[in-house]
Amino acid sequence: MRDMTVDPVLPSTSVTARLQRHPIRALAWLFFALALLFALVAGLKGDVFFFRLATEALIFGGLSLSVDLLLGRTGLLPLGQALFFGFGAYVSALVLKHGLPSFWLAMAVVLVTTTLVGLLAGVIAIRAKGVYFALISFGLAQVVSKAVFNTRELGASDGIIGVPVPQISFGLFSVDAASPAGFFLLVLIFIGILYGLLAYLMETPFGHQLAAIRTNEHRVPFLGVDPWRYKLVAFVLAANVAGLSGALYPMLRGFVSPELMFFQVSGNAIINVIVGGTGTLIGALYGSAVLTVLRSVIGTFTAHHQLVIGVIFMISVIFFPRGMIGYVVAALERRKETAP
Amino acid sequence: MSAIHQVPTSVPADAILSVSDITVRFGSLVAVDGVSFQAQRGHITSVIGPNGAGKSTLFNLISGAIEPSAGRVIFDGQDLTGLPPNRMLAAGLARSFQITNLFFELPVRENLRLAAQFLEHGRGLLRPVGSSRVALQRVDELVERFRLEHKLNELAGFLSHGEQRRLEIAVALAARPRMLLLDEPTQGMSHADTQETGEMIRGLAAESLSILLVEHDVDLVMSLSDHVVVMHQGGKLAEGTPQQVRGNPAVQSAYFGDAFHA
């Protein structure tokens, strides 16, 4: 068996050895282990606030994952990715409030509609390259968010409030989205599955082709591949991931508002990815977890929390250009080289 | 217009590539002006000419990088005129680049694997890379042939110039094309490396691969080629065997210039 990613096998099976062999995979397991540990502690303390905050961090982590798929893997900077996040949130809220209060129905409708909207927006945006793609992505999100902001049927600037909290049925048992611990675990598993799917895809020829497009798009056609198709599939996939993550938002908060599509949300997701480690996927979740909590905690002290986040972002870009995960992986590799 | 259809007539059975009256204009500039020639199957056909003669543009027209304003490119019975580059490989035509054009941030092995993935015909696109056995076997062959065994996990950007040029050709060959377009393969090479590359090209032709070569090194072209096309100011000046071309007075004055009259 050949495996492109396997380094020469180290004899030891200790935790550090495993970390050094598949650092990103190990850090991914660590993320979900830490999340479970948090759930255990918060559950024992009967906490509500931090459960809700951590759930929100995971939901925005899903959006950040979709940004990293485009930015870190395909080389496309999506300045308006919140469009799909907000779209998923609105569709989910509409289904829950005016259709059936069913988690599965909401998710299915969001999956189908984000595929269609992603295809449409992708066909428009993927035509452009580099900064023009970024600007078209930004422009599309601006147009749609302003339209929603001015549409009375969608609640205009108030958004949709009073979204019923669904019971999420799994046949044998069900989870109440109103339960802080239950919904946190559900979102953790859901985001975990999205992460796992993307991480798997990145190890296939499809995922590797995206990396080829990122590093040298001009050579790709001469290898018999149409880069446009691959970029479109990545774009739709990112729309799905962002939309499905957004669909969880009204289940957590009971409302949606046009702000979910604003540049602030897109920008925050990009910052999460860069601080977490661009192109690592798991860095998007780490970045979202750390920064969402920071935004909230600093926000309780000062209304100028964006200022603090901005400074953190600059420090990160200057001193840790590969982000948290990139820094840890590089440090592990240095240790491996110096180890006997 | 983009459909590949069979062209049964007028192309001799032994011509794998037939270019007729190919022309491209950039605004008022006619970069390539009504050039016609044929390349025979299993032969080395070379295009030479002074700087700015339109060699590279001709190359880009054949490989689909530039769409022609007029003329036809017939390859192995298929009309390739105006097809995008990503359709050329399916027809059996591959090219290398004058300025090394690799995935510099990716390892050597991955550069070759990406190129060899074509051999899987879209199979295993959503399975782990390790299950693309045909592609990986091809990578092993290329690595051995182009002596890159010790550089497999090296990033392509960290290779020496000579190694990058070898990898460039290996990548172009990975999908087993029937014809290889080589754009100045010895660009920037030492004399020894140039000789070695010449041997390698000869070896490829011996395996009945058809080769179209654009090259600056006239001595190399003359020693390698079965057929030489001389370009000058966007048009075809002459063609023939290396001896015929060398003896052509028009070629001597336009191209070899001082070297022949000195």
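## Domains of chain B

Seven residues of domain 1 of chain B are in contact with eight residues of domain 2 of chain B. Domain 1 is made of two stretches, 1-92 and 180-262, and domain 2 covers 103-176. The C-alpha centres of the two domains lie 26 Å apart. These values, like those below, come from a predicted model.

## Confidence in chain A

The mean pLDDT of chain A is 90, and 94% of the residues in chain A reach 70 or more. Over residues 1-12 of chain A, however, the pLDDT is below 50. Beyond near neighbours in sequence, this stretch has 12 contacts in the model. Where pLDDT is low, the predicted coordinates should not be read in detail.

## Helix α2 of chain A

Helix α2 of chain A runs over residues 23-45, 23 residues in total. From first C-alpha to last, the helix reaches 33 Å, close to the 33 Å expected at 1.5 Å a residue. Just after α2(A), A:Gly46 takes a positive phi of about 65°.

Buried positions in α2(A) include A:Pro23, A:Ile24, A:Ala26, A:Leu27 and A:Ala28. A:Phe31 and A:Ala35 are buried as well. An α-helix has 3.6 residues a turn, so residues three or four places apart point the same way.

## The four-stranded sheet of chain B

Chain B has an open sheet of four strands in the order β2-β1-β4-β5, with antiparallel pairing. Its edge strands are β2 (29-40) and β5 (78-79), each of which pairs on one side only. Strand β1 (residues 15-26) and strand β4 (residues 70-75) of chain B run antiparallel and are joined by five bridges. Across this pairing, B:Leu17 stands opposite B:Phe75 in β4(B). Helix α1 (residues 55-62) of chain B lies across β1, β2 and β4 of chain B, at about 65° to β2(B).

Strand β1 of chain B also holds B:Asp21. The phi of B:Asp21 is near 50°, a positive value in a residue other than glycine. B:Asp21 counts as exposed because it has 12 C-beta neighbours inside 10 Å.

B:Asp33 is found in strand β2 of chain B. It is partly exposed, since 18 other C-beta atoms lie within 10 Å. Leaving aside neighbours within four places in sequence, B:Asp33 is in contact with B:Thr23, B:Gly234 and B:Gly235. B:Asp33 and B:Pro242 are 209 residues apart in sequence and 23 Å apart in space, C-alpha to C-alpha.

## Strand β9 and its partners

Strand β9 (residues 227-232) of chain B is largely enclosed by the rest of the structure, because five of its six residues are buried. β9(B) runs parallel to strand β3 (residues 44-48) of chain B, and four bridges join the two. In this pairing, B:Ile48 has B:Val230 of β9(B) as its bridge partner.

Strand β10 (residues 235-240) of chain B runs antiparallel to β9(B), with five bridges between them. Here the bridge partner of B:Val228 is B:Gly240 in β10(B). The hairpin of β9(B) and β10(B) has two residues between the strands, and in it B:Gln233 takes a positive phi near 50°.

## The loop at B:Arg176

B:Arg176 is found in the loop between α5 (161-173) and β7 (179-183) of chain B. B:Arg176 has a positive phi of about 50° although it is not a glycine. With 13 C-beta neighbours inside 10 Å, B:Arg176 counts as partly exposed.

Technical notes:
Residues are numbered from 1 along each chain as its sequence is written. Chains are lettered from A and ligands numbered from 1 in the order in which they are written. This is a predicted model: local features need pLDDT of at least 70, side-chain atom pairs count only at pLDDT 80 or more; totals for chains, interfaces and linings use all residues. The expected span of a helix is 1.5 Å times one less than its number of residues. A residue is buried if 20 or more other C-beta atoms lie within 10 Å of its own, exposed if 12 or fewer, and partly exposed in between; C-beta atoms are placed from the backbone. Two strands pair if DSSP finds at least two bridges between them. Two residues are in contact if their C-beta atoms, placed from the backbone, lie within 7 Å. Axes are lines fitted to C-alpha atoms, for helices over the stretch in contact, and angles run from 0 to 180 degrees between N-to-C directions. pLDDT is the predictor's confidence in each residue, from 0 to 100. Domain bounds come from an automatic or database domain assignment.
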